[in-house]
Amino acid sequence: MVGMGYGLVVSASQQAGYERWTLRRGAQATLRRAAADDEAAVRQLVEGLSRDSRYFRFLTGGRVADSIIEGLVRPGTDGAALVVTVPTADGRAAVVANGQFVVTDRDTAEFAVVVADDWQGQGLGRRLITKLQQLAQAAGVRRLRGDVLSENRRMLAILRGLGFSCRRNPEDSFLHEATLAFGSAGADAAARLPADWFGAR
């Protein structure tokens, strides 16, 4: 299930294995591959979501199961998981956004993203979706898809802006299916990934 809505990224610089850029608020954001030891920080991200934001992403306003949290950082050998971090006042890094995809068959990967309420409108969702798109394409996936609550109009607008086709799910009127089929443009984007991106942790 795809999460919330977001704004635009201001500037960015790419380095091997991660990306770092400055948000409109002036904070330095870092996007990188998720690691197993990020699980506690991702749990903190999820627990800190508003009831609405948690419902948009997980279809529940209550506690999210530990097995789901584990999947947010360890999506399996055929998937990819990402986090966005920002520095805290004590010099540590807080996880403020998460995204992942899981390959469901030879041609398709299911993706989802979530952004902390206080950091929505900073471009983190777009950044995550774009990176997931590149990683899926580089992994040989031909199609990226996600389910979005039909009432989540902001996310649907963002996905359409990123080239996704969005249609009401014929089996569930409460959901829209967002799909992006990769073409030559996606292949070009994947080719620009750093050579060690898949090995970075």
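Student: How many salt bridges does a search of the whole structure find?
Tutor: The model is a predicted one, and the pairs in question join a side-chain nitrogen of Lys or Arg to a carboxyl oxygen of Asp or Glu within 4 Å. Side chains of opposite charge can pair when their charged atoms come close. Searched as a whole, the structure gives a count of 15 salt bridges.

Student: Which helix holds Lys131, the residue whose side chain meets that of Glu19 in a salt bridge?
Tutor: The side chains of Glu19 and Lys131 meet with an N to O distance of 2.6 Å. The pair links distant parts of the chain, 112 residues apart, with Glu19 in strand β2 (residues 18–22) and Lys131 in helix α4.

Student: What is the relative accessible area of Arg92, which meets Asp90 in a salt bridge?
Tutor: The side chains of Arg92 and Asp90 come together at 2.9 Å, N to O. Asp90 is partly exposed, with a relative accessible area of 48%, whereas Arg92 is exposed, and its relative accessible area is 60%.

Student: Why do the buried residues of helix α5 lie on the same side of that helix?
Tutor: In α5 (residues 153–161), the buried residues include Met155, Leu156, Ile158 and Leu159. They lie on the same side of α5 because the arc that they cover around the axis is only 160°.

Student: Which exposed residues does the face of α5 turned away from its buried side carry?
Tutor: The buried residues of α5 are covered by elements including β6 (108–115), α4 (124–138), β7 (143–149), β8 (165–168) and β9 (175–181). On the face turned away from that buried side, the exposed residues are Arg153 and Gly161.

Student: With which residue does the side chain of Asn98 form a polar contact of 2.7 Å?
Tutor: Asn98 lies in strand β5 (residues 93–103), and with a relative accessibility of 0% Asn98 counts as buried. Leaving aside residues up to four places away in sequence, Asn98 touches several residues, among them Leu45, Leu72, Val113 and Leu128. The polar contact of 2.7 Å joins the side chain of Asn98 to that of Gln100.

Conventions:
Residues are numbered from 1 along each chain as its sequence is written. This is a predicted model: local features need pLDDT of at least 70, side-chain atom pairs count only at pLDDT 80 or more; totals for chains, interfaces and linings use all residues. Side-chain values use heavy atoms; hydrogens and water are left out. Helices (H or I, at least four residues) and strands (E, at least two) are DSSP runs, numbered from the N terminus. Buried means under 20% relative accessible area, exposed over 50%, partly exposed in between (1.4 Å probe, protein chains only). A polar contact is a pair of N or O atoms within 3.5 Å; within protein, one must be able to donate a hydrogen and the other to accept it, and residues adjacent in sequence count only if both atoms are side-chain atoms. Contact means heavy atoms within 4.5 Å. The arc is that of the directions from the helix axis to the C-beta atoms.
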